[in-house]
Amino acid sequence: MIKDKVKTGVPGLDEMLEGGLIPGRVYAVSGTSGTGKTTLAVQFLLEGVRSGERVLYIALDEPPNEVRQNMRSYGWDIGQVQVFDATPDVMSYDKTPVRDVSTERKVVYFRDLPESVRQTSERSPADMTVNTIQELVRQEMKVRKYSRIVVDSLTSLRYFYIRTSEENASLISFLRLLSDIGVTSLLTVQLPEVSRPDVEIHMARGEIRLHKWYDGRGLIRGITVEKYRGSMHDHRLRMVKISSTGVLVKNAPPEKKIRPGTDQADMSEESPEPEEIPPPPDDAESEKAPAGPPVPDTQGRNEQKPPEAGREGPGGGT
Amino acid sequence: MKDMLEARISTGVSGIDDMLCGGLISGRPYVVSGTTGSGKTTLGIQFLHQGVKLGERALLVAVDEPPSEIRENVRALGWDVGKIRILDVHPASKAFNKRVSLVEVAAQRSVGALREMGTGARDEAMKQVMPDISIQSLQLMLKQELQETSYSRVVVDSLTSLKKLAENQADNASSIMSLLRFISESGVTALIITDLPDPAELEPELFLCRGEIRLHRKMVSSRLDRWVTIEKLRGSAHDTLPRPMTISEVGLTVDPDRKIPKNSMRVLQAFTQFAR
């Protein structure tokens, strides 16, 4: 058992991870869109800020001023988090030579960002590649010792910053750098609705996967630890809530399964969600009617449409 | 705290605004996805119409349908949409031998108010120089248009068609990234219309957009049922339940207080079932 694990800052998740993440290693946070990957990653950084660490957010798809604005909706001030805006410029589609931006873009604190999005330079848009970003991380680590880095998202890095032929080699090299410099890093990975694991998932020392799906009553959110090298971990699917305080795991271990109806009232802002893994569709008949206005059920009972082929949801786990 | 609330933009459908906890966050790109006939274009027009009613400038980028048809369809709804401006990038015919450069395309394709459009699908001159339409050329056309007129709302109908029209599909991902970045930097609130995404594919617009409104249209128990879900909304709480939708002579209506019928819920459940 490893002492001094790194706390994720997500209530309940550290219990699933038997105390947290092993320091100095690379982890993936995966999930389909809208599952809370960025929120979880920012919680991880804020936990570092709280314990006086240096933390870095590398923005690859969403402009960082928007990230800051979005996090205010949780009431979080992420001004103390350092940020590298690696979001790409608008492409000009003409023949002007691109510049090496590593000399022009700097790591700053979120609090020092302007309120609006950085504008592409009219005369010479910058080209950002995985090598540029890798070099920046290397330089930055020499100057200040970060203990936590978030790459949001690795999917953008794969799609937009790497030429296809060298995709996997470049990603492996980037992940290798992150573990060589001894920083605990979280990479966000966007999954399609039917998943197919990529190289970054195999390379990461652990994968925390966020899920969402519908049961008979509404949207259900879940979290699993798909893999965790070098540590015991919770193998169960746990329910997740994204509330005004961020991501939290609802029925975290070591407590026993919570029965429906015993949940605390302090997380009641969203629609009611069941505490247990919802039953398969065949059992849906026995579901209790949800709270709220009744819905007239005018449907015939005998003609339920079967699930379409190939739509069975996330398939291949690790 | 009041000052934390950003300016919200109404979608023109009050039920959807309620699902979005007030509307879209201003100046960001959003995706509207759904199958054919699910009401995506109607939602787009309602969004633009809402802007016009508030005295804003609204632009429709028409790729799928010629503007004259859109105008007729909308007229059938009885709306006065004459003030919606339209950028016609409809590929009327294929004439690959007569391709013109992207910059020329931008110069030739002009924006007209919806009421100025002729009833013919397209004028003759246009047919003779049928340019290559791509995501890149759309970005260039939009850039030129936004330099002349400051729009606050833009609808692209649809990105799926543009992706299919592109000659080099491999470039689509970075072109889409650039287009969305361009929209961000321009400060316009945009709805990007796409087909229902292939669940096995990772469409770049879906992870780059700041939110996704999905329109569902399904035969459930021999009856057509429609509903709306908010798949993603950055920076805001949102409704996580599917809500029933109707399309009538007043356009889309969504009831944010009702649930969808049980059988429809089961169909949705089958689509997103957690199976591992």
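This is a predicted model: local features need pLDDT of at least 70, side-chain atom pairs count only at pLDDT 80 or more; totals for chains, interfaces and linings use all residues.
Good morning. Counted over all chains, there are 6 aromatic pairs here. The one I begin with brings together A:Tyr159 and B:Phe207, whose ring centres lie 5.4 Å apart with planes at 85°, and the pair is therefore edge-to-face. A:Tyr159 belongs to helix H5 of chain A, residues 154–160, and B:Phe207 to helix H9 of chain B, residues 204–208, so this pair joins two chains.

How accessible are the two residues? A:Tyr159 has a relative accessibility of 29% and counts as partly exposed. B:Phe207, at 2%, counts as buried, because buried here means under 20%.

B:Phe207 also forms an aromatic pair with A:Phe160. That pair is tilted, with 6.0 Å from centre to centre and 40° between the planes. It too crosses between chains, running from helix H5 of chain A to helix H9 of chain B. A:Phe160 and B:Phe207 are both buried. Taken together, A:Tyr159, A:Phe160 and B:Phe207 make up one aromatic cluster.

In chain A, A:Arg111 lies over the face of A:Tyr109, 4.1 Å from the ring centre. In chain B, the ring of B:Phe47 has the charged end of B:Arg153 over it, at 4.7 Å from the centre.

I turn now to the sheet in chain A. What is the order of its strands? It is an open sheet of 10 strands, arranged E5-E3-E2-E7-E8-E1-E9-E10-E11-E12, and the pairing is mixed. Strand E5 (107–109) and strand E12 (246–249) stand at the edges with a single partner strand each, so each has one side without a neighbour in the sheet. On average, and ignoring direction, neighbouring strands are turned by 25° against each other.

Within this sheet, strand E2 (residues 55–59) and strand E3 (residues 82–85) of chain A pair in the parallel sense over 4 bridges. A:Ile58 stands opposite A:Phe84 of E3 in that chain. Helix H2 of chain A, residues 37–50, packs on the sheet and touches several strands, among them E1, E2, E7 and E12. The direction of H2 makes about 160° with that of E7 in chain A.

Finally, some totals for chain B. The chain contains 10 helices and 12 strands. Of its 276 residues, 62% count as buried. Among contacts with a separation of 6 or more in chain B, 73% are between residues 24 or more positions apart. Its accessible surface comes to about 10,700 Å², and carbon and sulfur atoms account for 49% of that area. Thank you.

Terms used
Residues are numbered from 1 along each chain as its sequence is written. Chains are lettered from A and ligands numbered from 1 in the order in which they are written. Side-chain values use heavy atoms; hydrogens and water are left out. Rings of Phe, Tyr and Trp (its six-membered ring) pair if their centres lie within 6.5 Å; planes under 30 degrees apart count as stacked, over 60 as edge-to-face and the rest as tilted. Buried means under 20% relative accessible area, exposed over 50%, partly exposed in between (1.4 Å probe, protein chains only). A charge sits over a ring if NZ of Lys or CZ of Arg is within 6 Å of the ring centre and within 35 degrees of the ring normal. Contact means heavy atoms within 4.5 Å. Accessible areas come from the Shrake-Rupley method with a 1.4 Å probe; for residues, only the protein chains shown count as cover. Two strands pair if DSSP finds at least two bridges between them. Axes are lines fitted to C-alpha atoms, for helices over the stretch in contact, and angles run from 0 to 180 degrees between N-to-C directions.
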